[in-house]
Amino acid sequence: MTTHTTKSRTEATDRGGDVRLTGISKTYGSFTAVHPLDLTVPQGSFFALLGASGCGKTTTLRMIAGLEEPSGGTVHLGDQDVTALPPYKRPVNTVFQSYALFPHLDIFENVAFGLRRRGIKSVKKQVGEMLDLVQLGEQARKKPHQLSGGQQQRVALARALINHPKVLLLDEPLGALDLKLRRQMQLELKRIQTEVGITFVHVTHDQEEAMTMADRVAVMNAGHVEQLGAPADLYENPRTTFVANFLGTSNLIEAEVDTRNGDDVVVKAAGDKLVLPGARCSAPARAGGKVLVGVRPEKISLTHADDAGSVPEGRNRVTGRISNTSFIGVSTQYVVDCAACPEFEVYAQNIDRDPRLAPGADVVLHWNPAHTFGLDAAQSVLAGTMGEAGIAEGEAA
């Protein structure tokens, strides 16, 4: 396996595994599936295209693969312009959700298929190394139907990787697996990508999946790249309400800018004053201007109103009444009715649960101002949620 890994890294480096999309777009009649976009996927990275159904992520992947012809723009793999090349002439392989294994061939022959098609006679060593990489060495002579869904997915990966592509494209590869197996396979995919060193471009609608595996994530919405960055940066510093809502959950409070205080912005929301770092405010911070103040549910502490005096000075705070609670094992999720935000969500770890924190209880919600971000108030507060039109069932693009 060491020999294979070294070889793969060398080949990927020699041939250049970066992907560059320049002004790439796709229209179907009057419908624009992908608006002109520029995107660079660094060589050797695990890159995710993340978005809701119909956002254009699969269409973008298919244009990289050559399965869709762009309406405009170019696709480069390394220094090579592949825009006009058919799929079989591009140094890429694609793994689909359906796996598409040959049912009449055993696992060894499924993995060997690409090598044999290229006229390579001696395949035993390469196939053995690849099956070891995906931890299926002992399953070589079984048929696909004798394997679990996760094992079949690893066979599909091995069959794609044995051809040493510059880029491996993954189209919702874990979508057919149950939740527990999907989480296990997320770690497996990342391990395999790290070992082989090949550029992975992964399409998914699952936020956790993208954030668990990818080095960089492009969040797509309605054919545009809404925001691009490392998972932690996208989560902590969303630039739009769509990203704030689509990546996890955000409480968004409509507020008015009051003053600037050094590097901080002070805002007013339903009679409360809140502070946020100016560097985390993507909206114009002019006095009297509107802004959406955001904070993630897990950043907030919940204190019963009787203990309001124990809340430390300098924290952002609002008052409200608990309207609902949900116990989910590792945490309890609270919904609090506040003047500033009618359905304020708070996630509290179940360490020392206060039995008084039940529906109907008056509470103080408080958090570190550094955990607050600000967004342009002209955007829809519901963008990126199930309540927003456009987050639909089915994969249209």
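This is a predicted model: local features need pLDDT of at least 70, side-chain atom pairs count only at pLDDT 80 or more; totals for chains, interfaces and linings use all residues.
The chain is built from 9 helices and 20 strands. Its C-alpha atoms fill a box of roughly 80 × 45 × 35 Å along the principal axes, and 49% of its 397 residues count as buried.

In soluble globular proteins, nonpolar side chains tend to be buried together. Here, the largest nonpolar core has 50 residues. The residues with the most contacts inside this core are Val 111, Val 127, Leu 161, Leu 168, Phe 200, Val 217 and Val 219. Helix α5, spanning residues 149-161, gives the most to the core, with 6 residues. Another core lies apart from this one and has 30 residues, including Ile 253, Leu 274, Val 336 and Val 346.

The helices come next. Two packed helices are described by the angle between their axes and the distance between the axes. Helix α3 (residues 107-117) packs against helix α4 (residues 124-133) at an angle of about 120 degrees, and the two axes are 10 Å apart. With angles of 65 to 115 degrees counting as roughly perpendicular and those over 145 as roughly antiparallel, α3 is therefore oblique to α4. Their crossing is right-handed. On the α3 side, the contact is made by Ile 107, Phe 108, Val 111, Ala 112 and Leu 115; on the α4 side, Lys 124, Gln 126, Val 127, Met 130 and Leu 131 take part. Sorted by class, this contact has 8 nonpolar, 1 polar and 1 charged residues.

Leaving aside neighbours within four places in sequence, Val 127 is in contact with Phe 108, Val 111, Ala 112, Leu 115 and Ile 162. The buried residues of α4 are Val 127, Glu 129, Met 130, Leu 131 and Leu 133. After α4 comes Gln 135, with a positive phi near 60 degrees.

Helix α3 also packs against α5, here at an angle of about 30 degrees and with the axes 7 Å apart. Angles under 35 degrees count as roughly parallel, so α3 is roughly parallel to α5. The crossing of α3 past α5 is right-handed. Ile 107, Asn 110 and Val 111 of α3 make the contact with Val 155, Ala 158 and Arg 159 of α5. By class, the contact has 4 nonpolar, 1 polar and 1 charged residues.

From α5, the residues involved are Gly 150, Gln 153, Arg 154, Leu 157 and Leu 161. They meet Leu 181, Met 185, Glu 188, Leu 189, Ile 192 and Val 196 in α6. The contact of α5 with α6 has 7 nonpolar, 2 polar and 2 charged residues.

Two loop residues complete the tour. Gln 139 is found in the loop between α4 and α5. Its relative accessible area is 16%, below the 20% cut-off, so Gln 139 is buried. Beyond its neighbours within four places in sequence, Gln 139 is in contact with Ile 107, Leu 147 and Gln 151.

Pro 42 sits in the loop between β2 (31-41) and β3 (46-51). With a relative accessible area of 32%, Pro 42 is partly exposed. Setting aside its neighbours within four places in sequence, Pro 42 is in contact with Asp 18, Phe 47, Thr 199 and Arg 216. Pro 42 and Arg 20 are 22 residues apart in sequence, and their C-alpha atoms are 8.6 Å apart in space.

Key: Residues are numbered from 1 along each chain as its sequence is written. Side-chain values use heavy atoms; hydrogens and water are left out. Helices (H or I, at least four residues) and strands (E, at least two) are DSSP runs, numbered from the N terminus. Buried means under 20% relative accessible area, exposed over 50%, partly exposed in between (1.4 Å probe, protein chains only). Contact means heavy atoms within 4.5 Å. A nonpolar core is a set of buried Ala, Val, Leu, Ile, Met, Phe, Trp, Tyr and Cys residues joined through side-chain atoms within 4.5 Å. Axes are lines fitted to C-alpha atoms, for helices over the stretch in contact, and angles run from 0 to 180 degrees between N-to-C directions. A crossing is left-handed if the near helix is turned anticlockwise from the far one by less than a right angle, and right-handed if clockwise. Ala, Val, Leu, Ile, Met, Phe, Trp, Tyr, Cys and Pro count as nonpolar, Asp, Glu, Lys and Arg as charged, and the others, Gly among them, as polar.
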